[in-house]
Amino acid sequence: MSQIIAVLDFGSQYTQVIARRLRECHVYSKVYRFDTPASTLKEDGINGIILSGGPSSVFAETAPMPDKELFSLGVPVLGICYGLQLIGFLLGGSVDKSTEREYGRGTLNITGESELFKGIPGEIKVWNSHGDKMTGLPEGFETVARTENSNFAAIENREKRIWGLQFHPEVFHTEQGTDIIRNFINGICGCKGDWTMRGYIDSALERIRKTVGDSKVILGLSGGVDSSVAAALIHEAIGDQLTCVFVDNGLLRKNEVEAVKKLFGDNFQMNLVVSHTADLFLDRLKGVTDPERKRKIIGNTFVDVFEIEVEKIGKVDFLAQGTIYPDIIESVPIGGNPASLIKSHHNVGGLPDRMKLKILEPLDQLFKDEVRLLGEELGLPKDVVWRQPFPGPGLAVRVITDITPERLEILREADAVLMEEMKKADLYYKVWQSFAVFLPLQTVGVMGDERTYDFVIALRIVESIDAMTADWAQLPHELLQKISNRIINEVQGVNRVVLDISSKPPSTIEWE
Ligand code: XMP
C-alpha cells in the first residue's frame, strides 16, 4: 500500500486542486468528507492530513466541522484557509468573524524558522481568499509568517505537528506554493514521493484480476476518453473476459463507428460488439423537439439495446464503467444538509439496478488528466486520449429541431469539415470544443445563377477549463473564412454559416 495524504473537503473550489498537486508530487492523495471519523483515517493508514479551505464561516450554524480527534492521531495536519480558522476555532485560539472576504494577492513575510518554508525565500507573493480572520493563537502555536493584513498568515505547533496557512499554496498565483506543499508531504509527513502512473497501472491490473476472477465483464464503449481508457485497462488485465458494446445510435459523428471498430476490434483485438440500432433510435425520436425528451428517449433506448446485447453474450457478472474521481467525490454543501448534495455517479443510468450486475470502476481514483496519461501509457492514440468532449445524446442535441436522417447527414458533413480544418490549423486540441449545430432555418442565397433556400449551420467553438464556464474562441479570420467556404461549397443543403459568439454563462456550450 502506497503512502497516502488525506485531504478533508470543506467545500473549497480548490479541494481537488490540492489533491492533484499532491499527485503531481508523486504522493497519493484521497479526498475525504469533512466529517470523516478520525478512526477511518487511521484505518486507511494515512500519513498526513490537509484541511481544505471552504466558503463557510466557522461561526455559521451549519459550518462543516471535522472530527476533533484527528488532531490526536499522531500524523501531521496542515490547515489551509478555512482549515487554519478551524484550527484556531477548535483548539482555543481566537477567530474574528468578518463580513468581507480578503481576496487576491498578498505579500508573505516569513518571520520564523519552519520546516514548511524550508528553501523558500523570506518574502513571496501569495494568493488569499478568506472571510474570517485569526486574531489570537491557540496554546502551543507560534506565528511563522505574516502578510500586510494578517499576523497569523502561517502558524505552527511544532510539538503537536500542526500547521496552518491563511493563503492558498495550491493555487498557481502563490509563488513556490508547490514547494511549500512538498515540504509538508515529503519533509514533514515523510512521504517518499514514489507514486507513479505505471505503479497505478500495475496495482489496478492486479485489483481488476482479483475482483473479477473468471467472470465475464461487459463495458459500454461510448467512444469518449473515459470508457476507452477503462476498456484498454480492463482488456490488459483480463483479455477476452471483457466484451465491449458500442451502440451505433445513428447520432454519432462521421466515421466514428469505423474508427472504433478499427481501434478496439482490429488493433486491440478486443471482443467488440457493435449494435447497429440507428433505426430504432431515430424511430423513437421521430417528431421530438424538446431537448430533455430527446435525452430521455436516447438514455432509455440505450438501456434497452444494451440489455439485449448482454443477454446475447450469456452470463455476465460485471458491468465496467469509466467513472472517474471527480464523478464520485461528494460535494460539500454550503450550509445545507450533506446528504442532499451527494453527486449521483452513473455513466449508464439505470443499468446496474435492472441487470443485477456488479460494478467495476477501475478509474474511480483518477483525475481526468491522469486518465489521459493512463490512456497514453496503454497505447491509445492521441485522437482518442485528447479528444474533445462529446455529449452522450450526440448529434441529437445539435439538431435544433426534430431529427431526421437528412438533417443529421447535413450536420455530420459540416461537423467533419470543421474538425478537419481545426486539426489542420493545429487548434482542435487547443480549444475545449469545436462543433457544428444544425439550425432549423431556411434562408435565401444565390449559388451560380440560382436562388437557393437552404439551411444554416452555426459554429460553436469554445475555450474552457471545466465546462462550468466557457468563452467563445477567437480564431483567425482566415480560418473561419475557409471553414465557412468549405461548408457552403461542400455540404449540400447549406447556404449560410454563422458563428456563435456567446459565453457561458449566460449561454451554455451546447445549444440544447
Ligand atoms: P453545457 O451545454 O451544459 O455543456 O454548457 C457542458 C458540457 O457538457 C456536455 N454535455 C453533455 N454531456 N450528456 C453528456 O454526456 C449530455 O446530455 C450533455 N449535455 C451537454 C457539453 O458537450 C459540454 O462539454
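# Exercises on a predicted model

Helix H9, made of residues 291-313, lies across strands E12, E13, E14 and E15, and its direction runs at about 145 degrees to that of E13. Keep in mind as you work that this model is predicted. Let's start with the sheet that this helix crosses.

## Exercise 1: A sheet and its helices

Step 1. In what order do the 5 strands of the open sheet lie? Reading across, you find E14-E13-E12-E15-E16, with parallel pairing.

Step 2. Now look for the edges. They are strand E14 (271-276) and strand E16 (358-360), each of which pairs on one side only.

Step 3. How are neighbouring strands turned against each other? On average the angle is 30 degrees, with direction ignored.

Step 4. Zoom in on one pair. Strand E15, residues 318-320, runs parallel to E16 and is joined to E16 by 3 bridges. In one of these strands sits Leu319, and its bridge partner in E16 is Ile359.

## Exercise 2: Around the ligand

List the surroundings of the ligand and pick out polar side chains that approach its oxygen atoms.

Step 1. Which residues surround the ligand? Among them are Arg295, Pro389, Trp432, Gln433, Lys504 and Glu510.

Step 2. Check some distances. A polar side-chain atom of Arg295 lies 2.6 Å from a ligand oxygen atom. For Lys504, a side-chain N or O atom is 2.7 Å from an oxygen atom of the ligand, and for Glu510 the corresponding distance is 2.6 Å.

Step 3. How much of the ligand is covered? On its own the ligand has 500 Å² of accessible area, and the protein covers 69% of that.

## Exercise 3: Helix H12

Find the buried residues of helix H12 and what lies over them.

Step 1. In helix H12 (residues 368-377), the buried residues are Glu370, Val371, Arg372, Leu374 and Gly375.

Step 2. What covers them? The cover includes helix H1 (15-24), helix H5 (197-212), H6 and helix H13 (382-385).

Step 3. Look just past the helix. H12 is followed by Gly379, which has a positive phi near 90 degrees.

## Exercise 4: One lysine

Step 1. Lys261 is found in helix H7 (residues 256-267).

Step 2. Why does Lys261 count as partly exposed? Its relative accessibility is 35%, and partly exposed covers values between the buried limit of 20% and the exposed limit of 50%.

Step 3. Leaving out residues up to four places away in sequence, Lys261 touches Asp266, Leu272, Val274 and His276.

Technical notes
Residues numbered from 1 in each chain as written. Predicted model: local features only at pLDDT ≥ 70, side-chain atom pairs only at ≥ 80, totals over all residues. Heavy atoms only, no water. Pairing = 2+ DSSP bridges. Helix = DSSP H or I, 4+ residues; strand = E, 2+ residues; numbered from the N terminus. Axes fitted to C-alpha atoms, helices over the stretch in contact; angles between N-to-C directions. Contact = heavy atoms within 4.5 Å. Near = heavy atom within 4 Å. Polar contact = N/O pair within 3.5 Å; in protein donor to acceptor, adjacent residues only side chain to side chain. Areas by Shrake-Rupley, 256 points an atom, 1.4 Å probe, with all protein chains shown as cover. Buried < 20%, exposed > 50% of the residue type's maximum accessible area, 1.4 Å probe, protein only.
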